[in-house]
Each structure stands twice: as structure tokens, then as C-alpha cells.
Amino acid sequence: MKQLDWSNLPFGYMKTDKNVRILYKNGKWGEIEESDSEYIPMHIAATCLHYGQEAFEGLKAFRGRDGKVRIFRMEENAKRLQSSCHATMMPELPVETFCNMVERVVELNKSYIPPYESGASLYIRPLLIGTGAEIGVKPAKEYLFIVFVMPVGPYFKGGFAANAYALVRSFDRSAPLGMGKYKVGGNYAASLYAHHLAYDKGYGSEFYLDAREKKYIDECGAANFIGIKGNSYITPKSESILPSITNKSLMQLAADNGMTVEHRPVPLEELNELDEAGACGTAAVISPISRIDDIELDVSYVISKDGKPGPVLTKLYHQLRAIQYGDAPDTHGWVTVLDI
Ligand code: PLP
Ligand code: COI
């Protein structure tokens, strides 16, 4: 195991030993290759550079108290990548290839998997890019799929601590019939300015409403929104947000806990009725929300008066983490256990 300050890792890039790659050429996927380079040889007219023909994923591996490594719901990420492939005219990568490559890259970099006690994890970043040269706007004929990893700590300051969010009305990250439900780079480019505005003012992240009417809650930066009202778990249904695998898992855990799961459009005003709110995602896990400030209209929605996480999200957070680290039984078949 590497000597790193495991308990104080940021959520950031770090070079690890190896990445794995596969090329798509002449209408088919080639062989999986290992590389120790952080760089990609690239044609100046590659479609990913000019026309954003790319998609990525994000998932995590965790080292348990028993020393085993668990990868969380990687088939779901493989399937979501396939949906991004359809949307961007890229060749579908078989789920099996995706999973083989994820397992292999985790094993190749096992000395970077944080120890159980640190509460950190190994972030896995799969990336698919159009590498073929085109100058007319059309899909490439060649692609590169690459998976690399790095140990990470919490995405938001303070880990499981409540953050304030800034509702930004003058930017949309995606359009109603656009690409918001796919994990493609363009959505993140569209979010950079709004994120900068929010972050500069000291907020955890930006907060988006639906682009059509600005009436309903969409997402919290790079995470889905969840609200708790009484015994209900409420989360937005929208055509322009990413279907979060963390949210899907939490909806299941909430139902297992006997809660009512409401997956429906959530009007902004409903924030006034919530007992708790949070942002959820692979990087964010659950990040409780203390307050949402509508910075352009100068209105504040205070969710947590004492600025502390509420009991329901705290329970869900611990239940999810327990499954991921192997401290609780994996009753839904969500984890792939590696004995490495
Ligand atoms: N929404 C956006 C825009 C994201 O980038 C992410 C991160 O992947 C999520 C939601 C959460 O999705 P998941 O739980 O699958 O990581
Ligand atoms: C994730 O949660 O995996 C993300 O992709 C969020 C962000 C780092 C893009």
C-alpha cells in the first residue's frame, strides 16, 4: 500500500500506476491494453476535441474492514454509458468489456485503494472519446475508451456536513430535449460558469431549475436533489437531469425503510415544506443542504435551521456507506467483491 495521507485526500486528480484502454477501429473493438502513460496521442481533428463527441462515467471502489474490495453498481454505469453512446452516435461498448476493464484497472492500482479506516475510496473514471479525424460535423470512425483511477476524499468541504447552494437563474446546464440525461462533457462545460459564480460566493455548488419554466427543481451541480418531508423521499423527475445511480440506490433503501418514494416534478416552492434536503451522487454520496439562496431574486430557502444534517438523510447515508464498505449485507446485489 502507498504511503498517503489517506484521511485527508481531496477530491482531485492523482497519478496512479496504470490505466486500461481499448480502441474501436474498422467497425470493431480491439484488445484491452494496459498503459502507464497519463497522455493520449491525439489527432488535431479528433471529433472529441471539436464537436464534443465524448462521454464519461464515475464510480467507486471501497476497501472493507475484511480487506476485500467492493465496486459499487458498475453494470449500471456500463448501461448508462451505452445510453450516452446512442445519444452521441458513438459505438456501444459491451457491458462485459466495461466491467472487465473496471475490475482490471482496480486490481492494477490496488495499492492506491484507501484503507477502510480512512473513509476514502478509489474513484474510477471511464472515458470514451471520438478520436477519428473529421472536420464536417459527423461521428468519428475511430474511438478510444480508457479507464483510470485515483484515491479520493469527499467532494464537498467537510464530507457529510451541510452546505448552502446558490440557485442560478441565468444559466441552464441542459435543455428540455437536450443532453442533460446523458453523461457527456458538454453539460459540464455549460455548468462551469454557474459553478464559478456560486463557488466564488462561498456556496457548496450551483442549483438548477428546469430550463423551460424555471418552476421545478432540476439538479444540484453534479448531483441529484433529494428532499425529505415526513415519511416521504422526494426527488425530481425531469428529462434534463442525469439518472443518478446513487439516487436510484437511495430510493430503494428509502422504500426498504418503509418510506414513500415520490419521483415526480418538484416545484421550487416545495422547498419551504421540506424537513431535510440533500445532493446525491457518486462523488457527493449524500451532501446535506442547509439552505438554498435564489441569488438573483434575493430569496432564501432555509432547510436546516441549525445548519446540521437531518436524521433521515443521516440514516440513509450510513446505510449506503455500510453496503459500499461491506459492513451491511448486500441484499440487492449491488457490489462486485474482489479478493485482491
Ligand atoms: N447529476 C450529475 C449532473 C452528475 O454529474 C452526477 C454524477 O455522476 C450525478 C447527478 C450523480 O450520479 P451518480 O449517482 O450516478 O454518480
Ligand atoms: C460523479 O459523481 O461521479 C461525478 O461525475 C461528479 C463530478 C466529479 C463530475
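Buried means under 20% relative accessible area, exposed means over 50%, and partly exposed lies in between (1.4 Å probe, protein chains only). By that rule, Glu76 counts as buried at 18% relative accessibility. Welcome to a short tour of a predicted model, in which local features need pLDDT of at least 70, side-chain atom pairs count only at pLDDT 80 or more, and totals for chains, interfaces and linings use all residues. Residues are numbered from 1 along each chain as its sequence is written, and side-chain values use heavy atoms, with hydrogens and water left out.

**Salt bridges**

- The whole structure holds 19 salt bridges, each being a side-chain nitrogen of Lys or Arg within 4 Å of a carboxyl oxygen of Asp or Glu.
- Glu76 has Arg73 as a salt-bridge partner, with 3.9 Å between the closest N and O atoms; Arg73 is buried as well, at a relative accessible area of 10%.
- Glu239 and Lys181 meet through their side chains at 3.2 Å, N to O. Because Glu239 lies in the loop between strand 13 (232-236) and helix 6, and Lys181 in the loop between strand 9 (163-167) and helix 4 (185-189), this pair ties together parts that are 58 residues apart in sequence. Lys181 is partly exposed, with a relative accessible area of 25%.
- Shared partners join Lys229, Glu262, Arg264, Glu270 and Glu273 into one salt-bridge network.
- Arg104 pairs with Glu34 in a salt bridge, the closest N and O atoms being 3.3 Å apart. Arg104 sits in helix 3 (residues 95-108) and Glu34 in strand 3 (residues 33-35), so parts 70 residues apart in sequence are tied together.
- Arg104 is partly exposed at 32% relative accessibility, and Glu34 is partly exposed at 40%.

**Helix packing**

- Helices here are DSSP runs (H or I, at least four residues), as are strands (E, at least two), numbered from the N terminus.
- Helix 6 (residues 245-256) and helix 7 (residues 311-325) have axes that come within 10 Å and cross at roughly 110°. That makes the two helices roughly perpendicular, a label for angles of 65 to 115 degrees.
- Axes are lines fitted to C-alpha atoms, for helices over the stretch in contact, with angles from 0 to 180 degrees between N-to-C directions.

**Nonpolar surface**

- Tyr51, Ile135 and Val137 make a nonpolar surface patch of about 330 Å². Patch residues have over 30% relative accessible area and no salt bridge, with like charges joined within 9 Å and nonpolar side chains (Val, Leu, Ile, Met, Phe, Trp, Tyr) within 5 Å.
- Val137 is found in the loop between strand 7 (121-130) and strand 8 (143-152), and counts as exposed at 71% relative accessibility.

Key: Chains are lettered from A and ligands numbered from 1 in the order in which they are written. Accessible areas come from the Shrake-Rupley method with a 1.4 Å probe; for residues, only the protein chains shown count as cover. Angles under 35 degrees count as roughly parallel, over 145 as roughly antiparallel, 65 to 115 as roughly perpendicular and the rest as oblique.
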